[in-house]
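Hi,

Here is the structure I promised to pass on. Have a look at it first, and then read my notes below.

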Number of protein chains: 2
Amino acid sequence: MSINEPIKGKATSFDIAYRAGVSQSTVSRALRDSDLVNLETRNKIKAIAKELNYKVDKNASNLRSQQSTTIALLLFEDPTTDDSQINPFFLSMLGSITRACSVRGYDLLVSFQQLSDDWHADYADCHKADGIILLGYGDYQTYQQKLVSLEQQGTHFVRWGAVREGHIGHSVGSDNFQGGYEVTRHLISCGATNIAFIGGVSKGAPEFLARYEGSCKAIKEANLAVNPKLQADAINTDLDGYKGALKLIDSGERFDAVFCASDLIAVGAIKALTEQNLRIPEDVAVVGYDDIPLASFSRPTLTTVQQDTKGAGEVLVENLLHLIQGEPIVTNTLAGKLIVRQSSSKPG
Amino acid sequence: MSINEPIKGKATSFDIAYRAGVSQSTVSRALRDSDLVNLETRNKIKAIAKELNYKVDKNASNLRSQQSTTIALLLFEDPTTDDSQINPFFLSMLGSITRACSVRGYDLLVSFQQLSDDWHADYADCHKADGIILLGYGDYQTYQQKLVSLEQQGTHFVRWGAVREGHIGHSVGSDNFQGGYEVTRHLISCGATNIAFIGGVSKGAPEFLARYEGSCKAIKEANLAVNPKLQADAINTDLDGYKGALKLIDSGERFDAVFCASDLIAVGAIKALTEQNLRIPEDVAVVGYDDIPLASFSRPTLTTVQQDTKGAGEVLVENLLHLIQGEPIVTNTLAGKLIVRQSSSKPG
DNA sequence: GTGAGTCATTATAACGATTAAGACGTAAAA
DNA sequence: TTTTACGTCTTAATCGTTATAATGACTCAC
């Protein structure tokens, strides 16, 4: 037993051991409720620990047990957007992820990443985190290499995004195809026959592509024709939505509805349409995707698909923890919910 | 020198030492660019480290050096709001804080807190973080006790909020008084004579109070009368703004402008006013505070005060680091910027 | 040629926990 | 009585660093 009566700085388990008249290892066990130590001593030790305001040193604990009970969240955005404007959708997810982590006793390390950095090595490798959650719209191709090396290093990670064949690692995502399908069915039921789509399809976010494909399916099912000219590229900004809408108008093609791949795009599109004196939804119905807070306050309020952000955070964390513990993963697709608002109200 | 030729799991500094033919301590020094080790050996060691994909173990490093190069961000909201709706203003701050941390080589631990928990002990005490950033609107009284005990434990922390006399610890905040003053001067210059205020004043967020007081100053300076009946309480939600506006209308008092203590409140207020067929800004001018993304897209677009969130994150982190290193703190107040939009356009 | 002064590196303790293996009574089984 | 077993606790090794003191080698001055 070490003879360090006075507590110098923060209390250590040795200080408690001394006061309790037991060995340090017993203290360590007692505080983690090991039944290798007598209940009475256990309580005594806990009492002393509380009195001394003792907290287990995370670093020492992690070092010895070789795990950090910490999860790293890596947010990466398209390089075009700066850090002051973060996608609201991801931010709302942040809440549920944090919650999900803390419920399970995990800490959350947050980091925004430029895709250029070698983030893939910086977290799990130095034992900062047990696993990584990757969040970001973006071109899968650009960071596939990093995922491969993550995989090779045996790092545990899950990503939010489209669940597709051939993708590395485990993904959790909204059922974008189904969402696009339902949006379009809704538009058709409102009387739309020429439905435009604003959102990058050829390259870029696979989520957008899935939404588009779902939309096409609905159009075909209704015996309408898919018009490729009624599709305008846009990444996930309002400015791009604005430009996309202008492009559609300039194309001279007729359209009575616009399905925007995201709410931000929709906001921009609405601005453009309004400036051209088109009435929404009378002349053109508009639907977005994501149900960001703005959607319910824009004028007109925006019909959109609400992604289950609460559930998403929960599932992401849950799956990652399963992965870490070598258990099988269950869910990986979350249903979206169509929220009908003014921008696409039914006639009559 | 330990004789462990093969690398078992992740490489350690011993593995590198073996390959470089030097001692482990030399490796440790070399990787931190100590000039106690010859430049040539240093480069050699670095090369080998890179080749082996070696990363310093954070836990071991932290344990030994007794610091974590990690900052904890504690976000706490009024208990009324749930985790799915986080104040956009704080979220936008999150971006700059993350950026500021990573630039300085610090990690960021994020946590949302219910005020009830004993978060005050859970971060610095167990060496998870070197310091804490506290973010949250909220009644100062409710968590003052925690701040006191933080202080007592010698924990370093900074908070975002009103800088007031008698408050524990270091605060960084917008100059809310000045902001309120300028908003109101602007409204008066637009011709307003009866300016209402929606936002909790008597108790609750001191930020709101400061904005109100600034407003009152401007009113008095213009030789107008401050009408206490034209002040409605509201915490920071759109619903409360809605209710507040209705209350003002029901009061029967005349008013031609509403200064809302936050954009969220303003959004709710606009909704209420519009429903009562009041035109904005013709009948009533409306101004918010915060410049959340929604402000520039609402109909009408919302005049507001843009808080310098980018600068705020920077200053918060900077100050905290100063605090940790025992250096003096310089800045603690950030100027806001009035953004005039449609909701309060000048006549003519 | 002995002592002082550099320079580059090594040997060796910490840091504060976890955990396997061993020790010591005491009670039950042989 | 001796053995086995169990409950309870201690001893000691370990995690992978960082930091301090010690070691050699080698130059330089008196």
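Let me start with a pair of helices in chain A. The axes of helix α2 (residues 24–31) and helix α3 (residues 39–51) of chain A come within 9 Å of each other and cross at roughly 90 degrees. The axes here are lines fitted to C-alpha atoms, for helices over the stretch in contact, with angles running from 0 to 180 degrees between N-to-C directions. Helices (H or I, at least four residues) and strands (E, at least two) are DSSP runs, numbered from the N terminus. α2(A) and α3(A) are therefore roughly perpendicular to each other, a label for angles of 65 to 115 degrees (under 35 is roughly parallel, over 145 roughly antiparallel, and the rest oblique).

Before going on, a word on what you're looking at: this is a predicted model, where local features need pLDDT of at least 70, side-chain atom pairs count only at pLDDT 80 or more, and totals for chains, interfaces and linings use all residues. Residues are numbered from 1 along each chain as its sequence is written, chains are lettered from A and ligands numbered from 1 in the order in which they are written, and side-chain values use heavy atoms, with hydrogens and water left out.

Back to the helices. On the α2(A) side you'll find A:T26, A:V27, A:A30 and A:L31, which meet A:R42, A:I45, A:K46 and A:A49 in α3(A); contact means heavy atoms within 4.5 Å. By class that gives 5 nonpolar, 1 polar and 2 charged residues. (Ala, Val, Leu, Ile, Met, Phe, Trp, Tyr, Cys and Pro count as nonpolar, Asp, Glu, Lys and Arg as charged, and the others, Gly among them, as polar.)

In chain B, the axes of α2 (residues 24–31) and α3 (residues 39–51) also come within 9 Å and cross at roughly 90 degrees. That makes α2(B) roughly perpendicular to α3(B). Here B:T26, B:V27, B:A30 and B:L31 touch B:R42, B:I45, B:K46 and B:A49.

Now for the interface. 45 residues of chain A contact 45 residues of chain B, and the area buried between them is about 4500 Å², with carbon and sulfur atoms giving 57% of it. (That's the accessible area, 1.4 Å probe, that two parts lose on being put together, summed over both.) There are 10 residue pairs in polar contact between the chains, both residues at pLDDT 80 or more. A polar contact is a pair of N or O atoms within 3.5 Å; within protein, one must be able to donate a hydrogen and the other to accept it, and residues adjacent in sequence count only if both atoms are side-chain atoms.

Which parts of chain A supply at least two residues each to the side that touches chain B? They are α4 (58–65), α5 (88–103), β2 (107–113), α6 (119–122) and α11 (263–275). The largest share, 7 residues, comes from α5(A). That side of chain A divides into 18 nonpolar, 13 polar and 14 charged residues.

The structure holds 18 salt bridges over all chains, and 2 are found across the interface of chain A and chain B. The rule asks for a side-chain nitrogen of Lys or Arg within 4 Å of a carboxyl oxygen of Asp or Glu. A:D107 forms a salt bridge with B:K128, with the closest N and O atoms 2.9 Å apart. A:D107 lies in strand β2 of chain A and B:K128 in the loop between α6 (119–122) and β3 (131–135) of chain B, so the pair joins two chains. B:D107 and A:K128 also meet in a salt bridge (2.9 Å, N to O).
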